[in-house]
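Morning, everyone. I will go through the pockets and then the nonpolar cores.

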Amino acid sequence: MFYVQGEVAEGWQDLYLQQIRKNAFKPLKPEDEEEVSEGWVPVERPLQISFDLHTLLFDHFINLGFRQDKYAIPSALLKAHVEEAEREYMIQNDKQRLSKFEREDIKIMVKRKLKEKQLPRMKVIDMSWDLQKGRVRFWSQSSNVCELFQGYFEDTFGLKLLPANPYINAVQLEPGPEKIEELAVVEPTNFIEGLPAR
């Protein structure tokens, strides 16, 4: 979970819809140099990339899917195909050795052909932003994916996200200045220390 820092903008519906469209998912193509693509999709229709307020707004919640597609060509398979293509190129062009640029061109060509034969792996993670409470739920435990999501959220909505932890959760309850000072010096406690081994 994350806490949203800052206030929702005036007239946010049109502004956020425009920003979501700007940061929407863009499908990968085999000829693209990029092997990973990520962005927003409607939460209930991850293959769609068009948005209106009805696809993202549910009562006082903005719900979106964060989609990440990635080409994953096994390195051993790529290496075998590249070596085969290099041999064929050397025979066809009566060459004993290849230059660095020829090798790079062959690898790019082989990679493109392999990408044409497979679909990228698709991962969609749901996000729900409670506009009234200023909380965002994102259903991933991966720190890398959470950091990536955090960047997309902040770029899209112009608001900072604060990842939840025990201290932040306690501060969000607004306990008062004295309690906040006490919380700042709290040390973690091991509750299972000294238990007999089984």
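A pocket here is an open set of points on a 1 Å grid over the protein atoms alone, where a 1.4 Å probe fits, with protein on both sides within 12 Å along at least five of seven lines; lining residues have an atom within 4 Å of a point. Points are joined across faces, edges and corners, and a volume is the space filled by probe spheres set on them.

The model is predicted: local features need pLDDT of at least 70, side-chain atom pairs count only at pLDDT 80 or more, and totals for chains, interfaces and linings use all residues. Residues are numbered from 1 along each chain as its sequence is written, and side-chain values use heavy atoms, with hydrogens and water left out.

The largest pocket comes out at about 260 Å³. Its lining includes H81, Y89, M109 and K117. Helix α3 (DSSP run of H or I, at least four residues) gives the most, six residues.

The second largest pocket has about 190 Å³. P30, E35, K107 and R112 are among its lining residues.

Now the cores: sets of buried (under 20% relative accessible area, 1.4 Å probe, protein chains only) Ala, Val, Leu, Ile, Met, Phe, Trp, Tyr and Cys residues joined through side-chain atoms within 4.5 Å. The largest has 27 residues, with W40, M127 and W129 making the most contacts inside it. Helix α5 gives the most to this core, six residues. Apart from it lies another core of eight residues, including V82 and L114.

How values were computed
Helix = DSSP H or I, 4+ residues; strand = E, 2+ residues; numbered from the N terminus. Buried < 20%, exposed > 50% of the residue type's maximum accessible area, 1.4 Å probe, protein only.
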